Amino acid sequence: MGVNAMSPPAVRRPLGARRRALIVGVIGALGLSTALATAVPADAAASTLGAAAAQSGRYFGTAISSGRLGDSAYTTIASREFTMVTAENEMKIDATEPNRGQFSFTSGDRVYNWAVQNGKRVRGHTLAWHSQQPGWMQSLSGSALRQAMIDHINGVMGHYKGKIYAWDVVNEAYADSGGGRRDSNLQRTGNDWIEVAFRTARAADPAAKLCYNDYNIDNWTWAKTQGVYNMVRDFKARGVPIDCVGLQSHFNGNSPYNSNYRTTIQSFAALGVDVQITELDIQGGSATTYANVVGDCLAVPRCAGISVWGVRDSDSWLGAGAAPLLFDGNGNKKPAYTAVLNVLNGGTTTPPPGGGGAGQIKNTASGRCVDVPNSGTADGTAVHLWDCNGQSNQQWTQTSAGELKVYGDKCLDAGGTGNGAKIQIYSCWGGDNQKWRVNSDGTIVGVQSGLCLDAVGAGTGNGTGLQLYSCWGGGNQKWTYNASTA
């Protein structure tokens with residue numbers, strides 16, 4: 001990314017800097033896995049991102065800049081929360097081989113040593129890339145450039161041999177459109193350059209996982225995604241050593257999160273490689289989108305872990321105004337942090353013991369309960385708020401699948417996926433519009449839509465209707481639910 005970021009689309013700023021920040025504001029799309037709606041034991045919940053991810057055998061990491069290691073607020077958060085470290089710029093080509101054959105690892109080693117001293121593993125980033133090449137490399141072409149690439153891989157991997165968890169061997173080799181290769185000086189050395197880079201890397205450090213890393217390969221329908229997929233499939237078929245695909249996942253207005261993201265992860269994993277989400281940031285910092293991304297990773301066993309590209313908003317290559325990370329510029333946890341932690345911990349609060357199976361869902365702002373009017377049982381009956389009375393039409397049981405049942409056979413059902421979709425009861429049939437995440441922050445989120453259960457117009461009176469609406473943290477979207485899971 002930028003001078004202290006990695007690499008999404010579009011124009012890069014000076015000094016090897018990054019792509020231009022794109023449109024802010026991503027609306028979360030669809031889908032978390034049904035499994036995430038299952039309650040987890042209270043003692044399984046972890047209080048940090050890294051510990052929560054470790055419960056499923058995954059890592060949760062961040063990009064670290066050597067220049068910020070003197071900032072105690074920065075290092076306190078990084079040390080506490082993350083279990084994987086990627087050097088933002090310190091292991092890139094211009095940093096590690098500023099002059100041909102003369103390697104410099106001072107900054108890279110500073111990041112590496114800080115990580116190891118704080119109990120973290122390290123991802124290596126990056127060995128072969130068209131960007132951030134030193135001037136001497138930019139002046140080469142043909143066989144001379146090919147040999148320089150090989151020598152660089154051997155030099156850097158030799159220095160860190162046996163110490164790095166995974167290397168981004170090749171970075172951003174595909175064009176932004178059309179599904180073909182990017183026209184770069186490396187590409188002009190011959191179409192086999194990526195294969196040569198991976199074979200060189202395997203010989204240089206057989207223990208490291210070898211990754212291809214790119215941006216805008218998150219949406220399964222995009223030609224760029226298909227181009228990379230076809231390359232990985234070809235490599236696996238021919239025995240070219242590749243262990244993982246890195247999805248940078250810089251989500252923004254031009255490259256928004258899409259509900260087929262999980263399909264992308266699953267499809268790459270089905271080729272026999274791990275998937276690592278390597279540079280996650282979401283312009284605007286949507287908590288719902290963050291939750292969906294993490295849920296999609298948890299749904300695929302070969303999604304090995306997630307790294308966000310920076311610690312605080314003020315550290316982001318996009319600039320603090322983009323608000324793309326999990327901590328604000330003052331180091332405070334944002335709603336997106338809570339959403340991610342909830343999903344990593346299982347996506348639901350654990351009901352108090354001895355609840356008897358059913359309980360009331362009470363709105364925080366009004367103190368009133370989710371109620372089926374007049375004890376109606378017909379499919380399509382819209383629910384509303386009403387004074388809590390303990391009757392059967394206010395008793396909801398959360399199933400292990402994430403349904404909220406009333407009367408034993410009717411489910412709380414979303415009549416759509418957009419803002420304003422009505423909430424009703426309907427015969428239970430197993431659809432994702434009938435599954436809900438009951439979160440520790442008091443929100444109840446539809447699995448299909450990613451939107452919050454909301455009292456219409458922030459109303460508090462008897463008869464106030466319920467709907468789906470974008471989560472924003474208001475009291476009309478906060479609920480208490482005291483029941484055990486069926």
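**Disulfides at a glance**

This predicted model holds five disulfides. Taking the bonded cysteines in sequence order, they pair up as 1-2, 3-4, 5-6, 7-8, 9-10. Among them are the links described below, grouped by pair.

**Cys297 and Cys303**

- Cys297 is joined to Cys303 by a disulfide, with 2.1 Å between the sulfur atoms.
- This link of Cys297 and Cys303 is left-handed, at -105° about the S-S bond.
- Cys297 is buried, at 1% relative accessibility, and Cys303 is buried too, with a relative accessible area of 1%.

**Cys369 and Cys388**

- The sulfur atoms of Cys369 and Cys388 lie 2.0 Å apart in a disulfide, and the link is right-handed, with 100° about the S-S bond.
- Cys369 belongs to strand E11 (residues 369-371), while Cys388 is in the loop between strand E12 (384-386) and strand E13 (397-398), so the pair ties together parts 19 residues apart in sequence.
- Cys369 is buried, with a relative accessible area of 0%, whereas Cys388 is partly exposed, at 31%.

**Cys452 and Cys471**

- Cys452 and Cys471 form a disulfide with an S to S distance of 2.1 Å, and 105° about the S-S bond makes this link right-handed.
- The bond connects distant parts of the chain: Cys452 sits in strand E19 (residues 452-455), and Cys471 in the loop between strand E20 (466-469) and strand E21 (479-481), 19 residues apart.
- Cys452 is buried, its relative accessible area being 0%, but Cys471 counts as partly exposed, at 31% relative accessibility.

Note on methods
Residues numbered from 1 in each chain as written. Predicted model: local features only at pLDDT ≥ 70, side-chain atom pairs only at ≥ 80, totals over all residues. Heavy atoms only, no water. Disulfide = S-S within 2.5 Å. Buried < 20%, exposed > 50% of the residue type's maximum accessible area, 1.4 Å probe, protein only. Helix = DSSP H or I, 4+ residues; strand = E, 2+ residues; numbered from the N terminus.
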